[in-house]
Amino acid sequence: MGRWPSTLHWLFSSGDGAADRLVPRWIVLRALGLIYCSAFISLLFQIRGLMGPGGILPAQGYLAAVAQSFGPLMRLWFAPTLLWLNSGSSMLMAMCWAGFAASLLLAINFWPRAMLAVCFVCFLSFVSAAQDFSGYQSDGMLLEAGFLALFFAPPGLRPGLGVAHPPSRASLFLLQWEWFRIYFESGLVKLLSGDEEWRHLTAMDEYYQNGPLPTWIGWYVEHLPHWFHAATAFSTLALELVIVWMLFLPRRWRIVCFFIVTPWEIGVIFTANYTFLNYLVLTLGFLLLDDRGFTRWVRGSWKTQPEADAAPDPEPAPAARRLLLGFGLSISAALLTLVAYVTTAELITMVFGRLPLPMQPVTMLEPFRIANQYGLFAVMTKGRYEIEFQGSRDGQNWVAYPFRFKPQMLNRAPGIYAPYQPRFEWNLWFASLGSWRQNSLVPRTEVRLLKNDPDVLKLFAANPFAASPPRQVRAVLWQYWFTSMQQKRATGDWWTRRLLGLYAPVLQQDDQGQAGIVTMPDPLPAHD
């Protein structure tokens, strides 16, 4: 056998895979199933209100616009989703239930490759048609990890540790590479953005207050002295730009790295609600370890015996088997090489700008979100702003629609909700930093509230107009701050706030059921 075939097998074949990473692989795949599970659970409660036929941003209308702009094949590339078959509420729920069931089966190690494929297709189908509700880096992280895990997972119905089929070196490295890029590219964007708060180490001073969904633990951490926040800002840059390079060092350094980044991620999880993002990064960190670190906890039968309960593969004729294995190996090599090239090219362009590199592969993979560029907290928000929807029957007395998760009542403690992701409320945080003209979901929500749309109302904690729809609906903008220790002791409030003004047009429903503008908002003070 020549050198090239040998290299191909060494990199991409599980037969020549990394036999010392069986336990970390088992942990990562079980955790990936639970992370997928959290994603689909949150969608089961929200997807109809987000993108159903009566939702805020209906998938049906979006796909119709895509179909008008692209031909029959190009539209499938631009929006790779099962919702081309049907985008009604039943299809949306069926897609979420299928993904949820597959994620549970993946978590208990039943037919992991097939379950990973179902989870990936269902989640990609949501992301590709959810428009503003899927523009998050965390979605790309999960899709990239889920895709690479298809080549990382062992075959068989009940593979155990998959001793006979260790992970291919290429899939293992690309998952480690994703972990590295999430950190390192986030550190790069902090430097490249020129944000003064990172330069002066003040980025963490109000970070716990100003993030999308704070926690009560974050409230207490916010009140620690400035030196602590300056130290965490410096440590963040050091971890993202320096410490993660330990991935490429010998085993002892990788173990040290694991015991640095793991407590760090746990701290982030408790002090901020970033959906499943930190759980995924925490999970990928286990790939810094190898089986030697788990020897005392692994059953003896798993250490030495290949899977006993995996369904045996039928034995085709030797020539047919060689052809089949060769074809599968070629597909794996081509796809994983493509992901490696695109992710490397994107990292290079972050540092050096546009270079004469072939960018067609980047464009080709972009709709599938399996080879992404990351960069978290490049510029820190300087304040906390909240959009609140209010309804009225007379245009004078206004009643707020209560939210489920985000700050609103001053005396309600911020909760810990992650990995659950309330996408509607998450998007409102981003919308609060801009104008309503840039965020159509706000006036669209107003229209749905005028109609008392049941799916959209389920995104809220309650409907103050259950008996009949309001005559008018408006969205106002508040600025929020954590209370001081003294204020909390005196009042019991976690928050204080100030009304900035009308965020979006006041809408009113006429006798024919059509929404019209009653009042346009005045320009708001700077809020970014």
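Guide: Rings of Phe, Tyr and Trp (for Trp the six-membered ring) pair if their centres lie within 6.5 Å, and planes under 30 degrees apart count as stacked, over 60 as edge-to-face and the rest as tilted. By this rule the count comes to 46 aromatic pairs. This is a predicted model, in which local features need pLDDT of at least 70 and side-chain atom pairs count only at pLDDT 80 or more, while totals for chains, interfaces and linings use all residues. Residues are numbered from 1 along each chain as its sequence is written, and side-chain values use heavy atoms, with hydrogens and water left out.

One of the aromatic pairs is formed by F120 and F147, which are tilted, with 5.8 Å from centre to centre and 50° between the planes. F120 belongs to helix α6 (residues 112-129) and F147 to helix α7 (residues 137-152), so the pair ties together parts that are 27 residues apart in sequence. Helices here are DSSP runs (H or I, at least four residues), numbered from the N terminus.

Turning to whole helices, α8 (residues 169-192) packs with α16 (residues 318-352) at an angle of about 15°, their axes being 11 Å apart; the axes are lines fitted to C-alpha atoms over the stretch in contact, and angles run from 0 to 180 degrees between N-to-C directions. That angle makes α8 roughly parallel to α16, where under 35 degrees counts as roughly parallel, over 145 as roughly antiparallel, 65 to 115 as roughly perpendicular and the rest as oblique. The crossing of α8 and α16 is left-handed, meaning that the near helix is turned anticlockwise from the far one by less than a right angle. On the α8 side the contact (heavy atoms within 4.5 Å) includes W177, R181, F184 and E185, and on the α16 side it includes L336, A340, T343 and M350. The residues of this contact divide into 12 nonpolar, three polar and two charged, with Ala, Val, Leu, Ile, Met, Phe, Trp, Tyr, Cys and Pro counted as nonpolar, Asp, Glu, Lys and Arg as charged, and the others as polar.

Helices α12 (residues 226-241) and α13 (residues 251-271) pack at an angle of about 130°, with their axes 12 Å apart, and are therefore oblique to each other. Their crossing is left-handed. T232, S235, T236 and L239 of α12 make the contact with I260, V261 and W264 of α13, and these residues divide into four nonpolar, three polar and no charged.

Terms used: Helices (H or I, at least four residues) and strands (E, at least two) are DSSP runs, numbered from the N terminus.
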